[in-house]
Amino acid sequence: MLIRQLFTAVLVSLVAFGIALMPTSDANAQKRGGILTYMIPSKGAASLDGHKETSYATIHPTAPFYSLLIQVDPSKPGAKELVGDLAKSWTVSSDKKTYVFKIHKGVKFHDGSDMTSRDALASWNKIVFPPQGILSARKAMFSMVDTITTPDSHTIVFKLKFASPAFIWAMAMPFNYIYSADVLAKNMRYYETKIMGTGAFKLVEYTPKVRIRGERFDQYFKPGRPYMDGIIGIFSPKQNVYVAALESGRAYSMFRGLPPQAVKDLLKARPGEFVVQSSTWNCALNITPNSYKKPFDNVKVRRALSLALDRWGGSRYLSKRAIVKTVGGVVFPGHPLAPSRRQLQTLEGYGTNVKKNREKAMQLLKEAGVPRGFKFTLNNRTTDQPYKIVGIWAVDQWRQIGLEVKQKVLPTSKFWAALRRPKSRMTEKGAFTVSIDFNCQAVVNPTVDISKYIPSSGANYGKYDDDVLERLYNEQLREPDFDKQKALLWDFQKRLTDQAWTFSTLWWHRTIVHNRRMKGWNITPSHYLNMGLVDVWLDLDK
Amino acid sequence: MFPTMFFVSVVVFFLMQMIPGDPVELKMLGDGSGDFSPEQLTLERERYGLNDHPVIQFTNWMFGVVQLDFGVSILTDRRVSEDIAIALPLSFQIAIMSTLLATLLAIPLGTLAALRQDTWVDYLIRIFSIAGIATPGFFLGIMMIIGILVITNSQWAPPFDYKPIWVDPWYNLSMLIWPALATGYRYSAVAMRMTRSTVLEVLREDYIRTARAKGLVEKIIINRHALTNAMLPVITVIGIEFAFLIGGLVVTEQVFNLAGIGNLFVTAVELKDYMVVQALVLIVAFVFVFTNFFIDILYAWLDPRIRYA
């Protein structure tokens, strides 16, 4: 009996030990090989230089060829954590003003040269302190950086003028590619038209506006990666094309996002062939009145416009037709620093009693002397998703408080021209009255999220002045305590809502439909993130 | 030829100046995730010479063109000639394929319709050609893609990225045959109706009656006397359509994801990329002028009465 019990115990221990030693099924499952073809829903990249560009049309084709110093963790959905990419580790000083990054050794550029802290320094200098005539789209985000130094060949140190929680997230922006110092020394504009990085894939061919092709970089510094032999990105601005490509299997994914109807069509056309991933998108669709034009100079009228919107009902209805869904304020919904749903509902225009909201809106209009049937034009962009659809919805919402609104859709050039009109010309006849506006950010960080709404921002299309907003922004930027920062952000939200300089409609909703053979890719709230494709693999046996 | 091209360039350049919006802002704003200071934007404008007076901008551009330098695209920072070198072969190939298809369909069917005037053959061909004129090429293109997906049970679709015919002939043809069919059908319909009416007209001429009276074989009458003389207006239509296809296939190019001249044109106009628009205008004007010149030479070859001094 004892022998039998002993035998059983040994057997159980062996099995348990064996299970413990066994790799997880996921870790074991990755297969090597195959070429991933994906669609890039754009007419083409402007330039190929991530430091200078602001569009996914540059990120989607070029990210697989570059590494970052640190990145948003691609293995975890939600984009809530940061991990090193070229940085093996990093430390922060107790006053949170010095960041020390240790860089991996043995990293190679695609031309075979070694990557050291000298390259990181040259790249970061280009981003933070660009020389005269060289554009950096994110220079303003690094206003807190004082110096960047390299004490040794594998260490880079950032010293800040003041501690800021936004710094580390701005560092993880997917545009912050590490370039070769030697190449930059010879030609600062080299990367506008050429590609040469340390990424998982090496460039084979780039035909502008048509295709980009890469092959596995055998000297890539992460062992065993990438899994795939190569990638092909095909530029295609039209939905009918990329949906047909996905449906027929010519492409396995499109990483921007599909509208609900296209998702339904794909799933219906080839049941079981696709995997659907969705997330709230880090893009808010806003409405901005021109406060230099009557009657929108009156805060009561602006508040009435916001109060008329049934955001919760709109979420239910519009999410079936457009790429919008989540009700939120200025901070990315669901972020620890964002207000809770209950808290949000205390804001004017965010409550669930639509009838009461609209009665108040009509009362405000009456007090402001705006008659029933007052007419104005909503400036919008000639892009269906989600601009025109949400525009039509807003027109109907305002009709219900007695306003007659006409939507005027403009081609991109005219739309931007209207929004970028200088403050001195906001009173002219041609200036917009009320416009659709938006705020899309690459990383999920409240400071970055709200930077658009401060009066000094280049993206303040309402051209409003508000010292309170400036002060609150600067205070939260420097506030290291989480709860205090959250309170400041809430004050910022309340101030913006009370003044209604600009207000949210709904946040976008991102849905990616990819072929079931494509594995190892997680959706994030931003279409700029997770495009390195290092961990993606193809299960071509399926 | 040169005065026409110069005139077109001047008109288009100054029309472009009237479109609101700044090309540098349009380029730099992207999806709105960047924030550039006005000083940065001014410097970038300076780099492209956009701060200069429009007349100086135009003169500088013209000076470059004379040296065959079309300048740098404001949007992509590449040489304009590089962008055109990608788009032009594609547009030319589609134009050639469509023209071949249209000619092969239009001339035999148009002639047959004329010879069998008011019979069921004529009616059938006329219905076919009227349907072709009434159906826009892009609509036919969308229907083709949907039809292919339905027929193949979503297992196949044409390729959506262009490879030159000398790189991969099969891939190239399996992509371009569809837009060539979509545009070629409409194109053939126009030429078919023109062929039918001109053949009918020629068949009523005295010299055809004379040829028949002297007992000439009908085949020779049709091929040598009727068709040769009926071809002059048909060639004009084919030539104009060919030139149109080089830059005018905007929507069809979008339907089939073709990075041709039409698409390049629209993007450049949208983003106020003057350098590209100007170069494309010159190219399209050149194609039109050259095609007309070529047609004039064909006239002389087909009709010995026509001689140019």
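**Contacts, sheets and interfaces**

Analyst: Setting aside neighbours within four places in sequence, A:Ala172 is in contact with A:Leu68, A:Ile70, A:Gln71, A:Val72, A:Leu82 and A:Val443. Contact means that the C-beta atoms of two residues, placed from the backbone, lie within 7 Å. This is a predicted model: local features need pLDDT of at least 70, side-chain atom pairs count only at pLDDT 80 or more, and totals for chains, interfaces and linings use all residues. Residues are numbered from 1 along each chain as its sequence is written, while chains are lettered from A and ligands numbered from 1 in the order in which they are written.

User: Is A:Ala172 buried or exposed?

Analyst: A:Ala172 sits in the loop between α5 (166-171) and α6 (181-186) of chain A. A residue is buried if 20 or more other C-beta atoms, placed from the backbone, lie within 10 Å of its own, exposed if 12 or fewer, and partly exposed in between. A:Ala172 has 23 C-beta neighbours inside 10 Å, so it counts as buried.

User: What distance separates the C-alpha atoms of A:Ala172 and A:Gly84?

Analyst: The two residues are 88 residues apart along the chain. Their C-alpha atoms are separated by 9.0 Å.

User: Which residue in β9(A) is the bridge partner of A:Lys202?

Analyst: β8(A) and β9 (residues 211-216) of chain A pair in the antiparallel sense over six bridges. In β9(A), the partner of A:Lys202 is A:Glu215.

User: How many bridges join β12(A) to β16(A)?

Analyst: β12 (residues 274-289) of chain A is mostly covered, with 12 of its 16 residues buried. β12(A) pairs with β17 (residues 503-515) of chain A in the antiparallel sense over 11 bridges. β12(A) and β16(A) also run antiparallel, and the bridges between them number seven.

User: Which element gives the most to the side of chain A that touches chain B?

Analyst: 45 residues of chain A are in contact with 44 residues of chain B. On the chain A side, α7 (190-193), α8 (239-248), α15 (412-419) and β16 (434-440) each supply at least two residues. With six residues, the element that gives the most is α8(A).

User: What is the radius of gyration of chain A?

Analyst: Chain A has 18 helices and 19 strands. The radius is taken over C-alpha atoms, and the globule rule is 2.2 Å times the number of residues to the power 0.38. For 542 residues the rule gives 24 Å, and chain A is close to that, so it is as compact as a globular protein of that length, at 26 Å.

User: Which helix provides the largest share of the side of domain 1 of chain B that touches domain 2 of chain B?

Analyst: An automatic or database domain assignment sets the bounds, giving domain 1 (2-66) and domain 2 (89-302) in chain B. The contact takes 14 residues from domain 1 of chain B and 11 residues from domain 2 of chain B. Seven residues of the domain 1 side, the largest share, come from α1(B).

Methods
Pairing = 2+ DSSP bridges. Helix = DSSP H or I, 4+ residues; strand = E, 2+ residues; numbered from the N terminus.
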